[in-house]
Amino acid sequence: MRKITYAQALNEAIREEMQRDSRVFIYGEDVGLLGGVMGVTRGLLEEFGEERVRGCPLSETAIAGSGVGAAMTGTRPIVEIGYADFLAVCFDEVYNKAAKWRYAHGGQFTIPLVIRTAMGAAYGTSCEHSQCPEALFMHTPGLKIALPSNAYDAKGLLKTAIRDDNPVLFFEHKLLYRKKEEVPEEEYLIPFGNAKIKKEGKDITVLATSLMVERAMEASKELEKESIDLEVIDLRTIVPLDKETILNSVNKTGHLVIIEEANKTGSVGGEITAIVQEEAFSVLKKPIKRISSLDVPIPYNLKLESFVIPNVARIIEELKNFFKK
Amino acid sequence: MKYSKDFLLNLYIKLLRARKVEEKFVELYAQGKIPGNAHSGIGEEATFVGACMALNSSDYMLPTHRGVMAVLTKGVSLKSIFCDAFGKREGTNKGKGGIVRICSKEKGVLGISGTQGGVFVIAVGAGLSIKILKEKKVVLAFFGDDTSNRGTFHESLNMASLWKLPIIFVCDNNEYGISEHVSKVMAVSNVADRAVAYSIPSEIVDGNLILEVYEATMRAVNRAHSGGGPTLIEAKTYRIREHSEGGIPFPRPKEVISAWENKCPVKQYKEFLLNKGFIDKEWINKVDQKLNKEIEEAIKLANNSKDPQVEDVWDGLYV
């Protein structure tokens, strides 16, 4: 099977959906001629033209907010917000409009909007170009949230996002764009709320999203040598959350560790911890553990950055300590 | 512009109906029948009704929080309006959004952003849809004077101008945000002065003369239809009552309020029609009684309609 990059997989998803449905269009800063700051929209302007592929002024509130307005009036916009940190600039447009417009207006409108953005630290990108703010949006009723960890999932999840009639936040990761994987040429979609067991195991249920999935998988190889058998689950989407897969696994292992790049306090991991202890307290053999970024803004210096964000070495050590205690 | 007598008389009925609904809201709020807030638009009817009269049923419109008369003119029924005010399940937003979110997908009433300034970005989006779907529609976006100080106003006008979107931005300049007079919070003298910064044509109209508002809006509609892009219309008017019913009263000079009451949009238009000999006192009384009856009936129907069930809290969150 051919191998393509995460960025190419996203590009294909967008292209296929735009070919399939003329109401789908894409815009954001540098989306047109440049092909996006992460290169995801290359070639789309040439194929679909200026009406449906638009670069924009530096105006996140109008970009995101107009996405809501367009979605409710018959088109299916994909809006690109270059860096997830910039969701702070258009927070009102996502938190108060995208998430709430349908509900507050008695269900009269549908908002088939996809907001794509790049999250995560990328070696020196520092505090306002490195964040993973998905917890803020999990806390917001009315949104769906996907965080693909690989090219195959990226394509399948983005196609689902574009066809979903609800507003979807689609968090891509900067360090994943160039990673290649086998991606079929035939069409496929990955439903939301469908976590993927990347590796079966009997000792520890390890939940991860995005970049942390491949780090968890790498850690699992090392831990095998110490006879610690991880079950690594890629959540893929946090809203909807695949509780069934999580709870089945925890039931089996009795041990749960959540690995996330986001800052620890108030994280998605904290929410999952609350859910699991509410619904499966009696099967837990130990308290649930989170391996997260330290509660500081992401620093610029590479050594500091690497200390703050869970790297493979830290993941291995913390899992070992967790299991052996 | 040349008008048929029918059009002119119908305009009066729409204007008076708007005034009566506004008066009813004040009354109902004082009786404790409306939860939350009510923002009276008494004195500003010509701005909202006049502009909306330039729209087709397929055009999109976004009101302000003082916009009951806009949604009414755009075609939402009296019964629906009162149902929404009372939070009934049969309202347009089924008890979820209150008065300000009276809306209608069918009639192009797109609803409201509770944070002031959301209207601009939503309007840009609706304009984009019209362009991409190649529809012959326009978007009418109402907003207040103080709201034009939001960043979203500036981003949206810039974008609307660049992309030549078919949007009519209508400023209901009633001189006040809540308590801040427009001269204290805006660095330019007129909201319309801001349009030049975005290369958008603008007009200032007397917001209490309904035909002036209507004609300016029609010019903007025609501009939008011929690919000329957006227009900014500033309607100068005045807020007669407090920002919100039951809110902290903010005293304003009595003589100023009186002067504006003398320029009442309903009174002015009625006098215009009387002077032209298009209407007489008998017709005026007949219309008055008909409208009173209509409104009472609508309130009765709304009062008798169903409240939402508690299970309804889960409806409408996701498709």
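Chain A is divided into domain 1 (3-182) and domain 2 (196-324), with bounds that come from an automatic or database domain assignment. This is a predicted model, in which local features need pLDDT of at least 70 and side-chain atom pairs count only at pLDDT 80 or more, while totals for chains, interfaces and linings use all residues. Residues are numbered from 1 along each chain as its sequence is written, and chains are lettered from A and ligands numbered from 1 in the order in which they are written. Let's take the topics one by one.

**The two domains of chain A**

- The centres of domain 1 and domain 2 of chain A, taken over C-alpha atoms, are 26 Å apart.
- Domain 1 of chain A gives 25 residues to the contact and domain 2 of chain A gives 24; two residues are in contact if their C-beta atoms, placed from the backbone, lie within 7 Å.
- On the domain 1 side, the elements that give two or more residues are α6 (134-138), β6 (144-146), α7 (151-163) and β7 (168-173) of chain A. Helices (H or I, at least four residues) and strands (E, at least two) are DSSP runs, numbered from the N terminus.
- That side of domain 1 of chain A has 15 nonpolar, seven polar and three charged residues. Here Ala, Val, Leu, Ile, Met, Phe, Trp, Tyr, Cys and Pro count as nonpolar, Asp, Glu, Lys and Arg as charged, and the others, Gly among them, as polar.

**Where chain A meets chain B**

- Chain B brings 38 residues to the contact and chain A brings 35.
- In chain B, α5 and α6 (151-162) each supply at least two residues to the side that touches chain A, and α5(B) gives the largest share, 11 residues.
- The side of chain B that touches chain A is made up of 15 nonpolar, 16 polar and seven charged residues.

**Two helix pairs to look for**

- Helix α3 (residues 60-71) of chain A packs against α5(B) at an angle of about 60°, with axes 6 Å apart. Axes are lines fitted to C-alpha atoms, for helices over the stretch in contact, and angles run from 0 to 180 degrees between N-to-C directions.
- That angle makes α3(A) oblique to α5(B) (under 35 degrees counts as roughly parallel, over 145 as roughly antiparallel, 65 to 115 as roughly perpendicular and the rest as oblique).
- The residues of this contact include A:Gly65 and A:Gly69 in α3(A), and B:Val121 and B:Gly125 in α5(B). By class, the contact of α3(A) with α5(B) has nine nonpolar, eight polar and no charged residues.
- Within chain A, the axes of α9(A) and helix α10 (residues 268-280) come within 11 Å and cross at roughly 60°, so α9(A) is oblique to α10(A).
- Among the residues that meet are A:Ile246 and A:Val250 in α9(A), and A:Ile275 and A:Glu279 in α10(A).

- Most residues other than glycine have a negative phi, and most peptide bonds are trans.
- A:Arg236, in the loop between β11 (230-234) and β12 of chain A, has a positive phi near 65°. A:Arg236 is buried, with 26 other C-beta atoms within 10 Å (buried means 20 or more, exposed 12 or fewer, and partly exposed in between, with C-beta atoms placed from the backbone).
- B:Lys134 also has a positive phi, of about 55°, but B:Lys134 counts as exposed, with 7 C-beta neighbours inside 10 Å.
- The peptide bond from A:Val239 to A:Pro240 is cis, with omega near -5°; A:Pro240 sits in the loop between β12 (237-239) and α9 (243-253) of chain A.
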